Amino acid sequence: TYEKVWLIAALVLIVGFIATVTYGSVGLGIAMIDDSEETVEPGELGEDERFADPRVEQVGENEYEAYVVAQTFMFSPDPIEVPAGSEVTFYVTSRDVIHSFSVAGTNINTMVIPGEVATMTVEFDEPGEYGVVCNEYCGSGHHNMEGQLHVV
Ligand code: CUA
């Protein structure tokens, strides 16, 4: 019957969609594990030692923490360098207005709000170079706000 045909078509679409999403992260060797949010005073970023010196820090054998600051119109550090085969927890905040931290071609994409710390843990399996872009309009230099993420 037609009903059966539609049911099968719908199932095929759903399976196809899941396969696409799965392939999207596995194929790139980048997998999002977790994301959340906390708060920080934007005026005190310089005194918050996590963000006073934006950097990637090794915290375990294959574990790293990346402290990233977005501001008009750049990301620090730039490039962000992480080793292949690592698990990296990103802590991202803004020094001024709302930006985003979006890694082109991956599912890493988070709003960066002054006063809040966007947190996400990502697995990097394979080496690669990615563009970091800002997807939230943040002023005259918005379209030039970009950085680099190097998996080495
Ligand atoms: Cu920062 Cu757009």
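# A guided tour of the aromatic cluster and nonpolar cores

The protein chain contains two helices and eleven strands. The model is predicted. Of the 152 residues in the chain, 39% are buried. Among contacts between residues at least 6 apart in sequence, 65% join residues at least 24 apart.

**First selection: the aromatic pairs.** Across the whole structure, a search finds five aromatic pairs. Select Phe75 and Phe101, whose rings form an edge-to-face pair, at 6.0 Å centre to centre and with 70° between the planes. Because Phe75 belongs to strand β4 (residues 74-76) and Phe101 to strand β7 (residues 99-103), this pair ties together parts that are 26 residues apart in sequence. Both Phe75 and Phe101 are buried.

Phe90 is buried, as is Phe101.

Ring pairs join Phe75, Phe90, Phe101 and Phe124 into a cluster.

Which residues have the most contacts inside the largest nonpolar core? They are Phe90, Phe101, Phe124 and Leu149, in a core of 24 residues. To display the strands behind this core, select β3 (63-71), β5 (80-82), β6, β7, β9 (116-124), β10 (128-133) and β11 (146-151); each supplies at least two of its residues. Strand β3 gives the largest share, four residues.

Centre the view on Phe90 and hide its neighbours within four places in sequence. With those left aside, Phe90 is in contact with Ala66, Val68, Ile80, Phe101, Ala118, Thr119, Met120, Val122, Phe124 and Leu149. Two of the residues named in this list, Phe101 and Phe124, also belong to the ring cluster.

**Last view: the surface.** Finish by showing the accessible surface of the whole chain. The protein chain exposes about 8600 Å², and carbon and sulfur atoms supply 54% of that area.

Methods. Residues numbered from 1 in each chain as written. Predicted model: local features only at pLDDT ≥ 70, side-chain atom pairs only at ≥ 80, totals over all residues. Heavy atoms only, no water. Phe/Tyr/Trp six-rings, centres within 6.5 Å; stacked < 30°, edge-to-face > 60°. Buried < 20%, exposed > 50% of the residue type's maximum accessible area, 1.4 Å probe, protein only. Core = buried A, V, L, I, M, F, W, Y, C linked by side-chain atoms within 4.5 Å. Contact = heavy atoms within 4.5 Å. Areas by Shrake-Rupley, 256 points an atom, 1.4 Å probe, with all protein chains shown as cover.
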